[in-house]
Structures are given as C-alpha cells and as structure tokens.
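Student: Could we go through this model together? I'd like to start with the fold and then turn to the ligand.

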Amino acid sequence: MELQVIDATMGYGNKAVLKEVNMSFHTGEVTCVLGRNGAGKTTLFKSLLGLLPLQQGSIRLDGKDIGGWGRRQFAQAVAYVPQVRGIPFPFTAEEVVVFGRTAYLSPFEAPSHADRRIARECMERVGVSHLSQRIYTQLSGGEQQLVIVARSLAQEPSFLVMDEPTSGLDFGNRIQLINQVKQLSQDGLGVIMATHFPEHAISCRSRVVMIDGGAIWRQGTYDTLIRSEILGLLYNIHLEITY
Ligand code: ADP
C-alpha cells in the first residue's frame, strides 16, 4: 500500500507551514522525519492523518484521496501513536489495547472474543503481555508507550504514524522500542516516525525526510543523509559521525 503526498501546502488558516510537499510512504518501510523544533513535523503528521485540511494539493492512500475514505475505514489503514504523556486511562493495559479495535466496531457494539484475542496477540507482539491486568496509569512511561503501540497494532493498520515515540523513555526502553519498529516494518507495516535521534534512522535502515525552511529539505536513505555535514546544516551544529 502507498500513502502519497502530491504538491501539498500544509498549514493553519492562511499561514502555510510546509509548501510543495511531494513524497510517498510504503508498507514494509520505516521513514524517519527529522527537523528542528517548530520545523513542521507535527503539521505534516496532522495532515497525513486527515486532521488538518490541506491548503493545496492532495494526499492519497492506495490511490484514493484520504478525504474520500470514511473515518473508520481510514483508521483501519492508518494508526497514530501519540506521545503518551498525560493520557488519563483508568483502565487495565489490556482494556486500553482493546480500544484499538474500535475502528472495527459499530457504535455501542461490545468487543468480541476475537477482538480481545487480537488485542492479546498485539500485546504479545510488543512484549507487554505480562502487563495486561495492570492499571495503565500505574505503568512506567516506557511501559505505557509500548501499550499504546500495541493499541495501534490492534487497529491492524497498514501504516503507523508515530510522533517521537521514544521521548521520555530511558536508554533501554528506547532501544527496545526502536527494535520493535524495525521488526514491525519487516512484518510488512509502513512506519512514519518523527524523531529527534538521527541514530534511529541508522538502526532501522530507514528512509529519511528532513524538514527545514518551510519545505522538505532533503529526502533519501539513511546512509546518504545521516552524515555529519548534512546534520550539521539541518541542526546548525558542528558534529562528526563515525559509522
Ligand atoms: P514540530 O512538530 O516540527 O516541532 P509544528 O508542526 O508543531 O513543528 O509547528 C510548525 C509551525 O506551525 C510552528 O511555527 C508553529 O508555531 C506553527 N503551529 C503549530 N500549530 C499551530 C496552530 N494550531 N495554529 C497556528 N500555527 C501553528
């Protein structure tokens, strides 16, 4: 499946944040989106998720404009993994993951045994089965983030859009999450991930999109873009990367 952005201008009201955006994302591939604070990563994601109308251009999923997809149908194809901070879920971790099945239920329909089984399988996939009966709000930040990833997987999407999924995680949880991302893409999922850590692109052997100056500044593969001189320009710093 392909998620394609064509000649898009993205922004708020009549303020354009990103212009002339052209790119495509594919299933089975990780794309890391890099850029300074305020560059427009969140704006790009809101647009990809259909939450922010384009000022110009189009976004197509499987060749069809995302405006033409029903909300539920779209949620079955594209799932969003937000940053977890402050999400007040007074539920067990398993119940939180079962919420991911909402895209498949009609209003007032209770989740079935099959929905619960899928939720449990997704928890197993990201290694959080042992947390299933724990109260979500009592989990650590890293555990919560993994539960939210499991919830998004329960949506059985083709694409996962992740907004800085490792922010707030300790070193070990960060590595665990990035390894999960790599595995999920190998299993066929398309992952689009904003990150402040260029090394994530190297770990995932990902495509890279760099945002700067109100546009897509560079896009390509990690080995051509995660380089000292290019990151130096993007972040306005001097650094040296050794592989
Ligand atoms: P990033 O996620 O890369 O930090 P954002 O996409 O959040 O960047 O922000 C890009 C620009 O859009 C910034 O100048 C920000 O101030 C502006 N912006 C973000 N949200 C809004 C909004 N709701 N209304 C107007 N401008 C906004």
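Student: In what order do the four strands of the open sheet run?

Tutor: The order is S2-S1-S4-S5 with antiparallel pairing, where strands are DSSP runs (E, at least two residues; helices are H or I, at least four), numbered from the N terminus, and two strands pair if DSSP finds at least two bridges between them. At the edges are S2 and strand S5 (64-65), each of which pairs on one side only. This is a predicted model, in which local features need pLDDT of at least 70 and side-chain atom pairs count only at pLDDT 80 or more, while totals for chains, interfaces and linings use all residues. Residues are numbered from 1 along each chain as its sequence is written, and side-chain values use heavy atoms, with hydrogens and water left out.

Student: And how many bridges join S1 and S2?

Tutor: Strand S1 (residues 2-12) pairs with S2 over eight bridges, in the antiparallel sense; among them, Val5 has Met23 in S2 as its bridge partner.

Student: Switching to the ligand, which element gives the largest share of its shell?

Tutor: That is H1, with three residues, where the shell takes in residues with a heavy atom within 4 Å of the ligand. Helix H1 (41-48) and strand S2 (15-26) each supply at least two shell residues.
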